[in-house]
Structure formats: C-alpha cells, structure tokens
Amino acid sequence: MINLEVPKKLRVLVNQARQTADNVFRPISRKYDKAEHDYPIELDMFAAIMDGMNDALEDGGAGSGKLRQGTKDSSQIQNGINMTTVLGLAELCRGDVGLSLTMPRQGLGNAAIAAVANDEQLSRFGNKWAAMAITEPGCGSDSAAVRTSAIKDGDDYIINGEKIFVTSGERADAVVVWATVDKNLGKAAIKSFVVEKGTPGMEVTRLEKKLGIKASDTASISFNDCRVPRANLLGSEEVNVDKGFAGVMQTFDNTRPVVAAMAIGVATASVERTKELLKKQGIDANYKRPAKLSSQLEAEVYQMEAELEAARLLTIKAAWMADNGQPNSMEASISKAKAGRTANDITLKCVELLGTVGYCEDELLEKWARDSKILDIFEGTQQIQQLIIARRLLGKSSNELK
Amino acid sequence: MPTDIQGLGLGLASRFAANPLVRKYGLAKPAEKIAYAATKKGFQLVQKGMAKKNQNKQKDIKALPAPAALFDLSLTEEQQMIRDSVKSYAENNIRPLALAADENATLPESLLEDAQELGLNYFAIPENLGGAGQLSPMTSALVAEDLAWGDFSLAYAILSSSSVVNTISRWGNEQQQASWLPKFCEEHAYNAAIAVQEPQPLFNTELLSTKAKQNKKGFTISGTKSLVPLAGNAQLYLVAAQFKGKNQVFIVPADSKGLIFESSPAMGLRGAEVGTLKLDKVQLDKHALLGINQPQHKAFNYQTFIDSSHLNWCAMAIGCSQAALDYLIPYVNERYAFGEPISHRQSVAFMIANMKIEIESMRLLLWKAASRFERGEDFHRDAFLAHHLCMDKSMEIGTNAVQLLGGHGFTKEHPAERWYRDLRVLAIISGGLQL
C-alpha cells in the first residue's frame, strides 16, 4: 500500500536526532569549522548517549555500523536499519555535516565491517571506530586501480602503499584498507583489511586542510611493511575473477543512500533558515500562488523545495529497498546523484538569495554551502553515479561506456 | 520542532563535556558511562510509553489492529492488475492511433467508445448507482501515467469523462449523483469534460473571469474556456466560475442554449481536439451548482479540485516522459557514429541517466501527494511541489528527447517532436482532469 510518510515507529528516533542537531551540533558548529584539526570532545559524551539510545531500541538502533541488506520477504514490508539510519543521519546533518562525519564508531569502515565481516571479526571490530581507506594519490573514482599491495607471508599479510582522503583516519581505532593481493589479476584481487591503530608500519602522515566539513579529519596514511594477521581480511580470501570486485562494491549500495541523506540534511538546514530570513523581509513562500505568478525569489524557493523533496524521497526509497532485500544499486546511485547535486545547488542558491547575510560568517549559510560540496564528490562523484545509472539502463559494461 | 526535555539534556551534556575541568580531573569517562545508562533507561521508557498509548487506543475503538503505517512503495495486487491491463491497452490500442490523430488534429473516431472496455468510469461511481464505489486518487494516478505512456493527448481525451465522474462522485450531492452518474454506466460512451482554463496571459485559477449569477430559475453563467477536449462531442460540462465571490463548479448540459464549442487547435494536445467553450448567459437549473446544500464536511473544495487536476497532469507528464526514455534507450544503442553506438559517449549517456533520475523524482512526488489525497490528508504543499517539479523536468525531458535524436528528432519520423509539443502544456493548463 503506497505510503511515503515517515513511519510512526521511527518518529521518536528522528526527533531525538533533531534535538541532537539543535542542541549539540549547532552550538559548536562554528567553533570546529574554525578550529579545523581540533577533536570535538563534546562528541564523546554524545556517542555514549547515542549508544544508550541505540541499545534501548528494540530492533538494535541505527548507524553505519549496523547497515546491512535486508532479506527478501514479500509478505511483510520492513522499515528497518537502512531507513532508520538514513532518516537519523539526515537530521544530524541538518545540525552539522562535519560533526556527523566524525561521530565515533560511525565511520564508513564500520559500514564495510557490518556488511562483510564474519562473526569472529564482528566480535573483534564490531565496537571499534573504523575509517575507510580507498583513495590513493594516483587513483580516486577509479578504485580498481588501487596500487597498495598486500602480500601474503605465512599467516600474515604485509601491506605497502599510500592512502589519502581517509575520513576520520587519525581519530578512528582502525582503518579498513583496500589493497591488491596480486596486481596482475586486476580488480578481482582487491581485498579489504582491517588495520588497527598502532600497528607498526602504519603512520598518519598528514591532515588535509579543506573547503568544508572541517570538524572531520581527513588523513593521509602510509603503510610501510605493515604486518596484519590474515584473520583481518574481510570477506573471502580467494581471488575470484568472475565475482571479485562485486563484493567490495556492495557496501556502496548501503552507504550511498547514507551520504545522500547527509546532503538532504544540510540542504534542509539551508532552506529552513533561508525561509525564516526571507519571512522577516515580508517574503513568505506559502504555496498560495503558482511560481509563474509569484516573485522570482518565491519561485526560487519553490524550486529548491521541490528538488529537495524529490531527493529526500529518492533516498528513502533506496534505503527502503535495501531494508526489503531488493537489489538497489541503481536506486542507491540515483539517490546519491540527485541529493548530491541538489544539496550543492540549494546551499549555494541560498547564499546567493540572501546576499551579504548569506555570505558572511554571522550565519551558518556560507558554511553549509562549503560543506555541501563534498557530498557530491565522496562515496562516488556525481559523474560516477551517472555512469552507473547509464550503464544499467543502457546495458553497457564499464569497457563500453567509459 | 521546539527543544524538548531530551534536547535540553543533550545541550547540557555537551557543555559539560567541553568543560576543561572535566578533562583535567578525568571526569569524562565515568560521566559518559552514566550518560549511557541513563539514556538507555530513559529511552526505553519513552518507547514503552508510546507502545502503551497505542495499545490503549486500539482497545478503545475495539477495531482490528490496523496494519502498521510503514513507508511502502508496493502496489496492491489490484493496482498491479489494473496497471498491467492499462499498459497493454495503451500499447496496443492507443499508440497505433497517436501519429494520425496528431497529424490530423482529430480525435480518432472510435477511441472513446473503445476505451469503455477499460471501465474507468465505474471505479468512482457509488455502488448503489451501478459503480464500484472506489474513488481512488492513487489508482487514478497510476492509470493516467500508463495511458499517457501510450499517448499524451489521447490519454487526455480518454480521461476526460472519468474525471467528470470523479468530480461528481467526490462532491456532488445525492440528487446530482443520481441524475448524472448512471449515464456513465450505460453501454455507450457518455462523454463529458471539465472546463477551467481561460484564454488570457497570466491566467490565474483563483481569478476566474467566467461568472455565474443566481436568478429565479437557477443560475446563469457567462465566460470563455480554453483547451476543452473532445471536439464539442461532450454531452456534459463541468465549468468553473466565480459565484458570489467564490470559485465554484457548475454542471452544464452541452445542449444548453448559449453554449458554443469552437475548435481551436494548439501546439500540442491535438489528438484530444481541444477547443474554446463559449458560454453566453447560459441558463442553468437550481441543481447546477456542484455540491449545493452539502454538509460542511462534504463541501466542495476548489483548492483540492485544482490540486487534483494538477496531479493528474503530472501523472500524464510522467507517463509521456517514461515513453520518451523507453524510446530513446534502444535508439542511442543502435545509432552509430564514429564507429560505435552513440550511447558509448558520456554526453549522451548522462542525458539518459538524468532522464531516469528526474522521472523517478517526479513519480515519488506525485505518489506522495496522491496517496495523501487518498487518505484524506492535507496534500496542497505536496501537489504544489509535484506540479512545480513535473513542469520543469518533463518539459526538459521533452526537449532532450528531440535533441538526442538529432535531426531525426526534428522530423515526424519519430514521436519525440510530438512529446516536445505535448509536454509544454504542463506549464499552461489547470483543470480539465481530476484524479
């Protein structure tokens, strides 16, 4: 039965996230935008509170550490972990994207662990804060071109290489590293390894200075003969040229809607604040007259709201499909493509509409316009999402449609 | 959302955590532990409280436990069946007529009579008057999308009468329903149309120049309406007019004296044979005002009437956009340039991807609005935003459909130029249809 409302049972959690955004994140938003590499100590307390919330929830709560594909059961529709996480994170990012990204134990590495780890690994890493290290100086979107190597040596692997753009790479307890076990076997040989903080041979070499999301640390990490036990390899050790990469990529089906949700959060913040400020000027976009009979300013607001609502629903749809065991690769990419570009457009448009007020640091609008850019880049750029969608629609391989 | 007690607590906890003394004296860890335990307990209580509240409610009304209201995009079995049959009708019975109908700007002769087999009129008509008594905006939206996938302007023609049925079933009083609805259940097609649009730039549905006045016999109505479908073959019209300072709808038999239909072909919608309806002091009886003497909760709502029509146009725009995408995918795969299919070029492939993204966007906005309408919830904002988005995106898709076909798209060898023209009406029209 078609219903596109946020389910009642999730409203408690959504409200909780909204309270957090307003009372924890917003008051310190500007502070950590300015103090780029300082750790937001307020978040430890908040993480404890959030663990309490999650553990109290009957179905285990939300968060990237719990994302997984649901099982297909046509008799009963589920609104589960993926939807909960998406809705909760959108609210948190309405508070602050950077702070949401640096929430302990909510790293993308946690999503990878949740998706593919075995029971033994889950017991060791399940409660650790895990970052994800894919990008290298010579490869970004082309993650199949990873050069970092993992060479088997007895019961260990020895990792060598350099990773950049590792979100929470300095603060996390562990890093999930993508490395190839055999450069000659192409992308099928790419495996992911959990490397714990303090492992000899792993070193954080640099912290990036960025356009936005400054509260979140973005690290470069180098691996020099870094020895990791074989038991830290996530997924199957065997190199299967037919399946290979697919397993590693699967994580993205769950995490892309999550990034889309972040985009929706920051765009919502911008639109809400812009409407408030415009109202003080006597401009009330209240849907009374169609855009073509309204002022240009009102028409712009309607445009933003329509795009935002579309992005929001696409994101919930992708999460809903994951919860119900429906293959959602294309829908995950659609949500990420739409939400990423929409959030960037909206936050910039709000700055433009409000003039000096939007541009100066007295308001957070200029910050949101900086923060939002990353959401159209990481976890697959706009262009990568379009490639995925187009290949799927046109029935093309990555060799044909490059 | 105002700060609640939990929000207040969170704010305090955060300020506590940032206090330098807390770090200095090693208070952070123990405090975090307390915070965890307290939150877990408190949160469980909140949940339990909610569960209890829900239980109580159910006991009070002694009803069967309602299915949990979850976010859900699955169609009911019935909706799926209707969709399948409408889609195949569109493919086999509508598509083949579209080209000639557009070229000649003529409604295909047997279209409306044949479309009777879809039974679209029966859904909404109350059971005691011979229908199924299932007025469902959500299902109507699905039907409209699939018909327009067949052809946009022929879908307008087919949906015209059922839109009148939907309107009278929703707002007509008992007398009006009894005198008009059974006519739509007869074997032969009974044709009807809704007339709202007026021929002036910046037309505003709120400021109608068509006016009605009360007199001894009932009402008189005068004005001019445009983009009215069915070539003057309609037997009944629903005409929007200003009456006593409010916007109302009047039931106007087509054989009324002073009513003239003049053909006036447009850039698109040609297969629906649109024209101008002129009403010159048309005398109507006392029962002509839609929903007259209805109790407050069943009273006619002009805003809803307009929103519902916009949603119907949105559904049709989505169907037409989907048709364009379905047509373009094989084309760009088969068309070779520079030694490979043009779909291997990102500039082409990304346009295809964007069409898909925006069609999905439009569809979800429409579904949200239509399902709220169906449940009797306020849906004005949703309809407003859906209409805004569909206007923008479907017209863009119409334009890009021609562009992707290149010079061929500009010719009548392909249907893209028709979609290009038909989809423009999204930015123009109000009324005409009703979910």
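This is a predicted model: local features need pLDDT of at least 70, side-chain atom pairs count only at pLDDT 80 or more; totals for chains, interfaces and linings use all residues.
Which are the buried residues of H5(A)? The views below start there.

View 1. Local features here need pLDDT of at least 70 and side-chain atom pairs 80 or more, while totals for chains, interfaces and linings use all residues. Residues are numbered from 1 along each chain as its sequence is written, with chains lettered from A in the order in which they are written. Leu108(A), Gly109(A), Asn110(A), Ala111(A), Ala112(A), Ile113(A), Ala114(A) and Ala115(A) are the buried ones (20 or more other C-beta atoms within 10 Å of the residue's own, C-beta atoms being placed from the backbone). That's 8 of the 9 residues in this helix (108-116), so the rest of the structure largely encloses it. Helices are DSSP runs (H or I, at least four residues), numbered from the N terminus.

**View 2. Around Ala263(A), in the largest nonpolar core.** Such a core is a set of buried Ala, Val, Leu, Ile, Met, Phe, Trp, Tyr and Cys residues joined through C-beta atoms within 7 Å. This one has 213 residues, and Ala263(A) is among those with the most contacts inside it. Helix H10 of chain B (346-374) gives the most, 16 residues. Another core, of 43 residues, lies apart and includes Leu108(A).

**View 3. Where domain 1 of chain A meets domain 3 of chain A.** An automatic or database assignment sets the bounds: 8-112 for domain 1 and 245-394 for domain 3. Here 31 residues of domain 1 are in contact with 24 of domain 3 (C-beta atoms, placed from the backbone, within 7 Å). H3(A) brings the largest share of the domain 1 side, 11 residues.

How values were computed:
A residue is buried if 20 or more other C-beta atoms lie within 10 Å of its own, exposed if 12 or fewer, and partly exposed in between; C-beta atoms are placed from the backbone. Helices (H or I, at least four residues) and strands (E, at least two) are DSSP runs, numbered from the N terminus. Two residues are in contact if their C-beta atoms, placed from the backbone, lie within 7 Å.
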